[in-house]
Amino acid sequence: MSTHYIAGAWHAGQGEALESLNPVSQEAIWQGQAASAAQVDAAVEAARAAFPAWASRSLDERIAVLEQFAATLKGHADALGHCIGEETGKPLWETATEVTSMVNKVAISIQSYRERTGEKSGPLADATAVLRHKPHGVVAVFGPYNFPGHLPNGHIVPALLAGNCVVFKPSELTPKVAELTVKCWIEAGLPAGVLNLVQGARDTGVALAAHDGIDGLFFTGSSRTGNLLHNQFAGRPDKILALEMGGNNPLVVDQVADLNAAVYTIIQSAFISAGQRCTCARRLLVPQGAWGDSLLERLVEVAASIKVGSFDAQPAPFMGSVISLAAAQHLIKAQQHLLTQGAKPLLEMTQPLAGAALLTPGIIDVTEVANRPDEEFFGPLLQVIRYADFDAAIVEANNTQYGLAAGLLSDSKARYEQFWLQSRAGIVNWNKQLTGAASTAPFGGVGASGNHRASAYYAADYCAYPVASLESDSLSLPATLTPGVSL
Ligand SMILES: NC(=O)C1=CN([C@@H]2O[C@H](COP(=O)(O)OP(=O)(O)OC[C@H]3O[C@@H](n4cnc5c(N)ncnc54)[C@H](O)[C@@H]3O)[C@@H](O)[C@H]2O)C=CC1
Ligand SMILES: O=C(O)CCC(=O)N[C@@H](CCC(=O)O)C(=O)O
């Protein structure tokens, strides 16, 4: 099967066998072979060869191709939404929003490119100072499985717009979505070699990341892999590395008037996408005492009624499956481990259908667990921590190596101001769910969540480098020569 798109043609893989499964039915929905190291070489070479022509096209010409891509995506929205659903397990109502985000990314990236990397000039005494931007060259894009369309697209669109050529290695768990996306680019008229697709797992990733022919790597994925890449890029200041990684995100609940609104916001924060968003609330900080008890009681009641099902089930579920049986089993094990360490099950996460990667929402109280692991459990498992006072809640919220998202539900503006000032995260929300960040804002974390190269609206910044020029259309002597020089 021809599954790699290199230099404008589809090729069969020469590496190990690869397949992706519907996580609920376990049916194979895509099969192929990974790209070999030689095919990764060919993809980088193709991108290198295409770069001069693509970079020298005018911005308007590149924009025209991108806008055609957005139109093509719209035309294939149903097929793409279906493909995301069957490959990731996400319900169709949610995959439709992912496709919309992909379409919208084009206009937002154009606006951001103009604003953040546009051209500026100002007069000097005898010259003009001009600021322009240039693309890096060939960049590798690594995608995660949780948003297999939208998140790689968030690197690819601004990278191409700036004039880079791309080698895209999607998650090995979502090759079909990547293939369909690349087909949309081809249909939109992207020239051969400008975007190349190499499918594969770790070995393909290692070969691409270590390739001397790339000028940069844009990564969205786990902190573990991001750290490996950061070590690998140490001592290579010539290559740009943008890392968007996970979090162990706190959501602090203060005593609020509208208990149901708090419960709804917690559910949207913790369980949307079956907990597989990097912005999901992992730790829920709840005040000790009767009000906190009643919040948890209501939360458990509502969470227990959440509909979980296959991506295309009717009526639509709120939560689909997690990405794979292995992921489901890892999450169940993590919950068991916390329970053996003294966590109390408020609502135990279960696997309702043997052999399917469906999980029900889990809520466990880990207040009494000594040495709580500061780990991201990427699924529908919410850990509750009870706090004595607001200062203690903020200390607990910051008690993590990560720093992606932090939220506060509170009727007090003064408390939000304190929370905003003292919390350490790239996203800090007040009375809003932690998930669903806007593409019109920068998106990135501090600590172990990123390397200070925010994506989304600020992706333009890592897709091009600034060139400052002093320019004059004729060469002339200055009115006054410097001392010690005579002509
Ligand atoms: N901050 C952000 O913007 C986001 C972060 N994430 C994070 O992504 C994770 C889930 O995605 P996953 O696909 O599991 O991440 P992952 O780290 O397992 O994989 C990401 C990509 O890296 C590749 N890869 C894996 N090992 C590699 C190696 N040694 N060398 C080179 N490439 C390698 C994979 O094949 C894949 O293409 C979660 O931790 C989540 O928090 C997900 C979405 C957004
Ligand atoms: O990248 C963007 O355009 C905006 C950021 C975004 O879409 N964030 C989503 C995805 C979170 C994840 O990556 O898992 C969100 O905050 O829900």
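Asp473 is found in the segment after β21 (464-471), where helices (H or I, at least four residues) and strands (E, at least two) are DSSP runs numbered from the N terminus. With a relative accessible area of 82%, Asp473 is exposed; buried means under 20%, exposed over 50%, and partly exposed in between (1.4 Å probe, protein chains only). The C-alpha atoms of Asp473 and Ile332 are separated by 69 Å, and the two residues are 141 apart along the chain. The model is a predicted one, in which local features need pLDDT of at least 70, side-chain atom pairs count only at pLDDT 80 or more, and totals for chains, interfaces and linings use all residues. Residues are numbered from 1 along each chain as its sequence is written, chains are lettered from A and ligands numbered from 1 in the order in which they are written, and side-chain values use heavy atoms, with hydrogens and water left out.

Strand β21 belongs to an open sheet of three strands, in the order β5-β6-β21, with antiparallel pairing. Two strands pair if DSSP finds at least two bridges between them. β5 (120-123) and β21 each have a single partner strand, so one side of each edge strand is left without a neighbour in the sheet. On average, neighbouring strands of this sheet are turned by 20 degrees against each other, direction ignored; axes are lines fitted to C-alpha atoms, for helices over the stretch in contact, and angles run from 0 to 180 degrees between N-to-C directions. Four bridges join β5 to β6 (residues 128-135) in the antiparallel sense, and Pro123 has Thr128 in β6 as its bridge partner.

Then there is a sheet of seven strands, also open, that runs β14-β15-β16-β13-β12-β17-β18 with mixed pairing. Its edges are β14 (344-347) and β18 (427-430), each with a single partner strand, so one side of each has no neighbour in the sheet. From one strand to the next the twist averages 25 degrees. Helix α10 (residues 290-304) lies across β12 (249-253), β13 (281-287), β14, β15 and β16 (381-387), and runs at about 145 degrees to β13.

Strand β11 (residues 240-244) is mostly covered, with five of its five residues buried. Ile240, Ala242 and Glu244 point one way from the strand, Leu241 and Leu243 the other way. β11 pairs with β10 in the parallel sense over five bridges, and Thr220 stands opposite Glu244. The loop between α7 (202-209) and β10 (216-220) holds Gly213, which counts as buried at 18% relative accessibility. Leaving aside neighbours within four places in sequence, Gly213 is in contact (heavy atoms within 4.5 Å) with Val44, Arg48 and Val138. Gly213 and Gly137 are 76 residues apart in sequence, but 9.4 Å apart in space, C-alpha to C-alpha.

On to the ligands. Around ligand 1 there are 27 residues, of which Lys169, Glu172, Ser222, Met245 and Glu376 come nearest; a residue is near a molecule or strand if one of its heavy atoms lies within 4 Å of it. An N or O atom in the side chain of Glu376 is 2.5 Å from an oxygen atom of ligand 1. A polar backbone atom of Gly143 is 3.2 Å from a ligand 1 oxygen, and for a backbone N or O atom of Pro170 the distance to an oxygen atom of ligand 1 is 3.5 Å. Of the 850 Å² of accessible area that ligand 1 has on its own, the protein covers 93%; such areas come from the Shrake-Rupley method with a 1.4 Å probe, and for residues only the protein chains shown count as cover.

Ligand 2 has 15 residues around it, and Lys105, His150, Cys278, Gly436 and Ser439 come nearest. Oxygen atoms of ligand 2 lie 2.6 Å from an N or O atom in the side chain of Ser439, 2.8 Å from one in the side chain of Arg277 and 2.9 Å from a backbone N or O atom of Ala437. Taken alone, ligand 2 exposes 430 Å², and the protein buries 97% of that.

Arg277 and Cys278 turn up again among the residues that Asn146 touches, along with Lys90, Glu98, Leu151, Gln276 and Phe378, not counting residues up to four places away in sequence. Asn146 sits in the loop between β7 (138-142) and α5 (150-162) and is buried, at 8% relative accessible area. A polar atom of the Asn146 side chain lies 3.0 Å from the backbone oxygen of Gln276.

Terms used
A polar contact is a pair of N or O atoms within 3.5 Å; within protein, one must be able to donate a hydrogen and the other to accept it, and residues adjacent in sequence count only if both atoms are side-chain atoms.
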